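We'll take it piece by piece.

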Amino acid sequence: MKILRVDSSIKPEGSVSKQLSDEIITKLAPSEVVVRETNGIAPIDANWLGAVFTPEDQRNAQQIEIANASDQLIAEINEADVLVIGVPVYNFNIAAGLKNWIDQIARVGVTFRYSEAGPEGLIKGKKAILAFSSDGTAANSDIDFAHRYMLHILGFIGITDVKSVIAQQMAFDRDTALKAAQEQIASL
Ligand SMILES: Cc1cc2nc3c(=O)[nH]c(=O)nc-3n(C[C@H](O)[C@H](O)[C@H](O)COP(=O)(O)O)c2cc1C
């Protein structure tokens, strides 16, 4: 089994989502782990749009570089069996780096397409495990725009087999929250 580990915590140390991802990967005992740090991934912009919507054989040097970076992130997904994605909650949402990763990999005609039946995800046969960590926000509550968003966007690109390890509302009772997450890891 090959894992793509996607990290997005902004903490230099003490990241709970990274700790959970470590433990998830130990539990799964994969043959190979590729780590994708999302801090530092470029946000999409006008140049990005110009690059990815220009036919491959007509791209200039800058557009080739921009499109290659996006292609590389998509290739990492395609080469993995399982994605382990850290989902720390910042301001009720996902980390900016994780959003940039999503913006880079959500490509019409590449990772999704619009058909007569509606949108269709083109990434098939992958599993994902989310390592969610929050201090006050409960996963899947009305004020959660991180976990629910991740489920939606992963499904949109075709990844529907998603499990979650959730260390939530740690500000209230950290030990209980972490214990619940450990139990979820044990039952993966
Ligand atoms: C800038 C910032 C914003 C945060 N916003 C929220 C929030 O909106 N809701 C929440 O439950 N926790 C919030 N937290 C707490 C984090 O979710 C918590 O520290 C969690 O462990 C983050 O994952 P990490 O440890 O992997 O970075 C915030 C933390 C930081 C640093």
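This is a predicted model: local features need pLDDT of at least 70, side-chain atom pairs count only at pLDDT 80 or more; totals for chains, interfaces and linings use all residues.

Five strands make it up, and they line up in the order 2-1-3-6-7 as an open sheet with parallel pairing.

Helix 5 lies across strand 3, strand 6 and strand 7, and its run makes about 165° with strand 6.

Now zoom in on strand 1, residues 2–7. Is strand 1 mostly covered or mostly open? Mostly covered: 6 of its 6 residues are buried. In a regular strand, side chains alternate between the two faces of the sheet, so it's worth looking at each side in turn. On one side of strand 1 you find Lys2, Leu4 and Val6, on the other Ile3, Arg5 and Asp7, and both sets are buried. Note that Lys2, Arg5 and Asp7 are among the buried residues here, and that Lys, Arg and Asp count as charged.

Strand 1 also has a partner to follow. It pairs with strand 2 (residues 32–37) in the parallel sense, over 6 bridges. Val6 has Arg36 of strand 2 as its bridge partner, and Asp7 stands opposite Glu37 in strand 2.

On to how the helices pack against one another. Two packed helices are described by the angle between their axes and the distance between the axes. Take helix 1 (residues 16–28) and helix 6 (residues 174–186): their axes come within 10 Å and cross at roughly 25°. Angles under 35 degrees count as roughly parallel, so helix 1 is roughly parallel to helix 6. The crossing is right-handed. From helix 1, the residues making the contact are Val16, Leu20, Glu23, Ile24 and Lys27. Helix 6 brings Arg174, Leu178, Ala181, Gln182, Ile185 and Ala186. Sorted by class, this contact of helix 1 with helix 6 has 7 nonpolar, 1 polar and 3 charged residues.

The other pair to look at is helix 4 (residues 96–105) with helix 5 (residues 147–156), whose axes are 12 Å apart and meet at an angle of about 15°. That makes helix 4 roughly parallel to helix 5. Helix 4 passes helix 5 in a left-handed crossing. Which residues meet there? Leu98, Lys99 and Ile102 come from helix 4, and they meet Tyr149, Met150 and Ile153 of helix 5. This contact divides into 5 nonpolar residues, no polar ones and 1 charged one.

Ala29 sits in the loop between helix 1 and strand 2. Its phi is near 45°, a positive value in a residue other than glycine. Is Ala29 buried or exposed? With 58% relative accessibility, Ala29 counts as exposed. Phe92, in the loop between strand 3 and helix 4, also has a positive phi, near 70°, and isn't glycine. Phe92 is partly exposed, because its relative accessible area is 42%.

Val108 is in the loop between helix 4 and strand 4 (112–115). Its relative accessible area is 38%, so Val108 counts as partly exposed. Leaving aside neighbours within four places in sequence, Val108 is in contact with Phe53 and Tyr114. Val108 and Glu120 are 12 residues apart in sequence, with 9.8 Å between their C-alpha atoms.

Finish at Gln63, which belongs to helix 3 (residues 61–78). Gln63 counts as buried because its relative accessibility is 15%. What does Gln63 touch, not counting residues up to four places away in sequence? Its contacts are Gly50, Ala51, Thr54 and Gln58.

Methods. Residues are numbered from 1 along each chain as its sequence is written. Side-chain values use heavy atoms; hydrogens and water are left out. Axes are lines fitted to C-alpha atoms, for helices over the stretch in contact, and angles run from 0 to 180 degrees between N-to-C directions. Helices (H or I, at least four residues) and strands (E, at least two) are DSSP runs, numbered from the N terminus. Angles under 35 degrees count as roughly parallel, over 145 as roughly antiparallel, 65 to 115 as roughly perpendicular and the rest as oblique. A crossing is left-handed if the near helix is turned anticlockwise from the far one by less than a right angle, and right-handed if clockwise. Contact means heavy atoms within 4.5 Å. Buried means under 20% relative accessible area, exposed over 50%, partly exposed in between (1.4 Å probe, protein chains only). Two strands pair if DSSP finds at least two bridges between them.
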